Amino acid sequence: MKTVFPTALALATLTGSPALAHYGMIIPDDAMVSQEDGRSVGLTLSFSHPFERDGMVLEEPVSFTVTHEGETTDLLGDLNSAEVMGQPGYTLDYPLARPGTYVFAMEPQPYWEPAEDSYITHYTKTYVSAFGDDEGWDTELGLRTEIVPLSKPFGLWEGNVFQGMVMLEGEAVPYAEVEVEYYNEDGDAEVPSDLMITQTIKADANGVFTYATPTDGWWGFGALNTAPETLDYEGEEKEIELGAVIWVHFEEWDD
Amino acid sequence: MRRLFATLAVVALATAAHAHQLNVFAFVQDDEVIVETKFSSGKIPVSGEVRVLDGAGQVLSTLSLETDGTVRFPLDPNIASEGLTIEVSTGDGHDDYWILTPSDIANGSGS
């Protein structure tokens, strides 16, 4: 993280005015694991506001899986409870047996958000390359909603664009709204305006969106739609926000 | 463990130029070392030279890739106690290596 924006994040936080974006998060400790790095990858799962590093409770997910070479494995029972950004989350050290792309995906329980008077379910995933092999980088998992990467979701330089296609119930979503947010892991990044904590873009008519990152680190892309069904909350039917979230790491350009 | 990887890598890196074009992976199964190779395009090399080095960088044997991009050889646990480095060259600067650490070998032996 090289860029520090001159800003007023502290003031914004005090006023309580920013519209904080929720993100399901799966953050690996390495997006491209080489053989010299070892034989496993560490994963941290949370439900958070990634720029503000403000955690929320992540209940035990409905599912947590890894997909590699076309095979999906249930990892829910392997998760370890952990505190992430001050709230309950999970960690896992996952052994990488073979080269290729490992896609980790989480379906959380619906999260009741009183401020939005709705539930939130963010189908969250991230891609990890093992041992120099990127085969499977464009894997579509068939989640209820997901962002299918059109750019390889690792091995990107800071400043590169990331392209993805927003899918909902197996169909591309024309003009889908996509929120983009930086995981401000060390807290150094600041913003000149609340509007820049979460940037919002739209997909094109084919559901394809494009975003160029200004700096290295983990970036979350969340495509938001509303489920056709509702869920009960204290006797009232409430909407469910369906989020398709992908976390992508951009590498520092060091010349 | 990372220090061990780094130490073993010093031996291999000297001959691992252009490593991005060829990927080598090796594992131990049923007391046999199985080497798999693949170009980054996904294609499988149909020929190539495989050198097996011990933990000190001594060449133990030189083998040829099979047409399916693999090669197998029996594991000698006495020689492999400090790990093995598998170097593969398919020509035209397409080289890569895989380091079988003692832990890799222990995990795979007898499986």
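In what order do the four strands of the open sheet in chain B follow one another? The order is β4-β3-β6-β7, and the pairing is antiparallel. Please keep in mind while you look around that this is a predicted model.

**The four-strand sheet**

From one strand to the next, the twist averages 20 degrees. Now follow β7(B) to its partner, strand β6 (residues 84–89) of chain B: the two pair in the antiparallel sense over six bridges.

**The three-strand sheet**

Chain B also has an open sheet of three strands, ordered β1-β2-β5, again with antiparallel pairing. Here β1 (22–29) and β5 (70–74) of chain B stand at the edges; each has a single partner strand, so one side of each is left without a neighbour in the sheet. Neighbouring strands of this sheet are turned by 15 degrees against each other on average, direction ignored. Strand β2 (residues 32–39) of chain B runs antiparallel to β5(B), and five bridges join the two. A handy place to look is B:Glu32, which stands opposite B:Pro74 in β5(B).

| Strand pair | Sense | Bridges |
|---|---|---|
| β6(B) and β7(B) | antiparallel | six bridges |
| β2(B) and β5(B) | antiparallel | five bridges |

Definitions and conventions:
Residues are numbered from 1 along each chain as its sequence is written. Chains are lettered from A and ligands numbered from 1 in the order in which they are written. This is a predicted model: local features need pLDDT of at least 70, side-chain atom pairs count only at pLDDT 80 or more; totals for chains, interfaces and linings use all residues. Two strands pair if DSSP finds at least two bridges between them. Axes are lines fitted to C-alpha atoms, for helices over the stretch in contact, and angles run from 0 to 180 degrees between N-to-C directions.
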